[in-house]
Amino acid sequence: MRERWGTAVQVLGIVAVFAAVGAVAGVVWEWLWDAPVGVAYQDQWFLEPAGPDYAFSGTGWYVVVALVAGALTAFALGWWWPRHEVASLAAIVVGSVLAGWVMFRVGHSLGPQDPRVLAAGKADFTAIPSDLTLAGVDGEPRLFRLDSAAMAAFPIGAMIASVYVFAVATGRRSGRRSGRRKPAVETPPAG
């Protein structure tokens, strides 16, 4: 029974840490992003100058920040909380998807408002900054649904770090290196 409580606390702790890191990553994402400016024309908003390099900057920064934040969070949690590997891995998956969603919500809410709404009623050629969003997301993404391929960046970063911690760095819990285990039965020397 005590083991189950320990596992439950660890799982909830991992998910909570990921949610908090997602909020911080959203702030960093908004801070790094430079809002491209468009113009209002006949109650519609147009990116000026138009082009994928201007429209993609929010998605690009999201992917970079999410990959790094996911990897660092999973590495730290896996390294400092090494028990219950299977439950931890499941919590990392759920937590990293939640963190990606929280990151979007925080960054999007800190950024400028939707320029399509702001353009209504404005004089033609009024400069309006773009909102902070992801390619493929129109409105708000749904929780645990990858509405944009960029939303997979947080879980991908977390899984890469988890594979390293749980598969490559084995043996640190037992105090021995993974390749130098002592045999259970020693064989007598031949002779």
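Modeller: Let's settle one word before we start: two residues are in contact when they have heavy atoms within 4.5 Å of each other. Also keep in mind that this is a predicted model.

The part I'd pick is helix α1. It has 31 residues and reaches 45 Å from its first C-alpha to its last, close to the 45 Å expected at 1.5 Å a residue. Its buried residues are Thr 7, Gln 10, Gly 13, Ile 14, Val 15, Phe 18, Gly 22, Ala 25, Gly 26 and Trp 29. An α-helix has 3.6 residues a turn, so residues three or four places apart point the same way. And what do the buried residues of α1 pack against? They pack against α3, α4 and α6.

Now zoom in on Ile 14, which lies in α1. Is Ile 14 buried or exposed? Its relative accessible area is 1%, and buried means under 20%, so Ile 14 counts as buried. Leaving aside neighbours within four places in sequence, Ile 14 is in contact with Leu 77, Trp 81, Ser 88, Ala 91 and Ile 92.

Next, move along to Phe 18, another buried residue of α1. Phe 18 belongs to the largest nonpolar core, which has 30 residues. Along with Tyr 62, Met 103, Leu 134 and Phe 154, Phe 18 touches the most other members of that core. The elements giving two or more residues to the core are α1 (2-32), α3 (57-80), α4 (85-110) and α6 (153-168). The largest share, seven residues, comes from α4.

Not counting residues up to four places away in sequence, Phe 154 touches Phe 18, Val 21, Gly 22 and Ala 25, among others. Its list of contacts also includes Ala 66, Ala 69, Gly 70, Ser 96, Ala 99, Gly 100 and Met 103.

Conventions. Residues numbered from 1 in each chain as written. Predicted model: local features only at pLDDT ≥ 70, side-chain atom pairs only at ≥ 80, totals over all residues. Heavy atoms only, no water. Core = buried A, V, L, I, M, F, W, Y, C linked by side-chain atoms within 4.5 Å. Buried < 20%, exposed > 50% of the residue type's maximum accessible area, 1.4 Å probe, protein only. Helix = DSSP H or I, 4+ residues; strand = E, 2+ residues; numbered from the N terminus. Expected span 1.5 Å × (residues − 1).
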